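Q: Please show me how to read a structure like this one, feature by feature.

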Amino acid sequence: MSLLDKFTAVQQLKSGLADTGKDPTTVVFDNIHTATRGVVEGRETILAGTNNYLGLTFDPDCVAAGVEAMQTHGTGTTGSRMANGSYSTHGKLEAELADFYHCENAMVFSTGYAANLGVLTALLGKGDVVLLDADAHASLYDGCRMSGADIFRFKHNDVHSLERRLERLEGRTGSCLIVVEGVYSVLGDRAPLAQIVRLKEKFNASLLVDEAHSLGVYGASGCGVAEEQGVLNKVDFIVGTFSKSLGAMGGFCASHHDVLGLFRYVSRPFMFTASPSPAVVATTREALHQLRTRPGLKDKLWSNANQLYGGLRELGFELGPEASPVIAVRCRNRETALADWNKLLEAGVYVNMMLPPATPGGASFLRCSVSAAHTPEQISKIIEEFARL
Ligand code: PMP
């Protein structure tokens, strides 16, 4: 068998996707007019699979901040902060994130994926233990694997399963990190963080929460699910991304542990990749400012999320356990998912197709993400098109 033979199976998978209509992995957005409207494969389309929760990608102040930064600081940093140095705005963004999360330390990475790899590989090593929620994102799995720590999964959102795992660790819980998400990216369900914090304290373990999908969505000030459940100051490491509610690109970690500052010297996904560009940092800072000063965005997001969740539930679709801006419609099987995804696209509605193995329980889903920028009429149109399936 040659090196390239393994791609035969990949080619078959790809052809299988194309046989059913458009291939979701290669679908082209010809134009993007606004946070919720674009031209996809030549057709005017409502965008309902963007993670653009606060709808800030076209916000005039965010765009202006990005343009100004590019004009004053150039198009890119052309290297890592370790080798090429930091721009003052990297530090300002880190200070603003630390202030937002009410902790002393924050660190910016070039993507959310890199943030998870960077934090997990800095923190964990051979001999350490990680207890990982079974439905955790691929970047969390990858970071744990790269770290060399012993990995044990516990049942998704099941505190009894987590407790049993902790009990079995006996003397090792001091070097154990529990890894969960605030809101899970496929089904939109929240972690029982208050109970998880109680367990981490009981066993003297540490806790990392990925708030990628909950930043700007949950909590009185939009910090996420840890804030909503009153345990923000009990979480050891909060990680997240700028690529969803902040409409940019990049990732971060915030922590009350001062060792976070030392991750800069050991975290390879931080040290060996180019730092975020001036424009990305500037739009992120402006979006964070808007998130903090415009609570109406969150209210609008929730009104839209409740409308879509309620509408789809009334139609009898099987959805995740609770309303959230991430709404996954469970499909009978892979073939139905592909066919229905194509029908929605032809009707001018773009949603995400989620197929195994990237899905909980190996099921297939049509995943909608709701934005504060959707109008109630757009949400009604999405529901209407689902009704036709
Ligand atoms: N964590 C979670 C839970 C995610 O869903 C994602 C992206 N979908 C990431 C991390 C990675 O973020 P990014 O795309 O910004 O690299």
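A: Begin with a loop: Pro 357 is found between strand S13 (352-354) and strand S14 (364-369). Helices (H or I, at least four residues) and strands (E, at least two) are DSSP runs, numbered from the N terminus. This is a predicted model, in which local features need pLDDT of at least 70 and side-chain atom pairs count only at pLDDT 80 or more, while totals for chains, interfaces and linings use all residues. Residues are numbered from 1 along each chain as its sequence is written, and side-chain values use heavy atoms, with hydrogens and water left out.

Q: What kind of peptide bond joins Pro 356 and Pro 357?
A: Most residues other than glycine have a negative phi, and most peptide bonds are trans. Here the bond between Pro 356 and Pro 357 is cis, with omega about 10°.

Q: Which residues other than glycine have a positive phi?
A: Asn 51 has one, at about 65°, and His 102 has another, near 55°. Asn 51 sits in the loop between strand S3 (43-47) and helix H2 (60-73). His 102 belongs to the loop between helix H4 (88-100) and strand S4 (105-109).

Q: Is Asn 51 buried or exposed, and what about His 102?
A: Buried means under 20% relative accessible area, exposed over 50%, and partly exposed in between, using a 1.4 Å probe and protein chains only. Asn 51 counts as buried because its relative accessibility is 16%. His 102, at 63%, counts as exposed.

Q: How is the protein chain divided into domains?
A: Domain bounds come from an automatic or database domain assignment. In this chain the assignment gives domain 1 (17-47 + 295-388) and domain 2 (60-293). Their centres, taken over C-alpha atoms, are 27 Å apart. Contact means heavy atoms within 4.5 Å; on that basis 18 residues of domain 1 are in contact with 17 residues of domain 2.

Q: Which residues touch the most other members of the largest nonpolar core?
A: In soluble globular proteins, nonpolar side chains tend to be buried together. A nonpolar core is a set of buried Ala, Val, Leu, Ile, Met, Phe, Trp, Tyr and Cys residues joined through side-chain atoms within 4.5 Å. The largest core here has 88 residues, and Tyr 101 and Leu 166 touch the most other members. Helix H12 (residues 295-314) gives the most to this core, with 7 residues. Domain 1 and domain 2 each supply at least three residues to this core. Apart from this core lies another, of 24 residues, among them Val 119, Leu 124, Leu 140 and Leu 260.

Q: Which residues does Leu 166 touch?
A: Not counting residues up to four places away in sequence, Leu 166 touches Leu 131, Thr 173, Cys 176, Ile 178, Leu 199, Phe 203 and Ala 205.

Q: Where does Leu 117 lie, and what does Leu 117 touch?
A: Leu 117 is part of helix H5 (residues 112-123) and is buried, with a relative accessible area of 10%. Beyond residues up to four places away in sequence, Leu 117 touches Ser 139, Asp 142, Gly 143, Met 146 and Pro 269.

Q: Where does Glu 385 lie, and is Glu 385 buried or exposed?
A: Glu 385 lies in helix H14 (residues 376-387). Its relative accessible area is 7%, so Glu 385 is buried. Leaving aside neighbours within four places in sequence, Glu 385 is in contact with Leu 344, Ala 347 and Val 349.

Q: How many disulfides does a search of the whole structure find?
A: A disulfide is a covalent bond between the sulfur atoms of two cysteines. The search asks for a pair of cysteine sulfur atoms within 2.5 Å, and finds 0.

Q: Which residues are closest to the ligand?
A: A residue is near a molecule if one of its heavy atoms lies within 4 Å of it. The ligand is surrounded by 14 residues, the closest being Tyr 113, Asp 210, His 213, Thr 241 and Ser 243.
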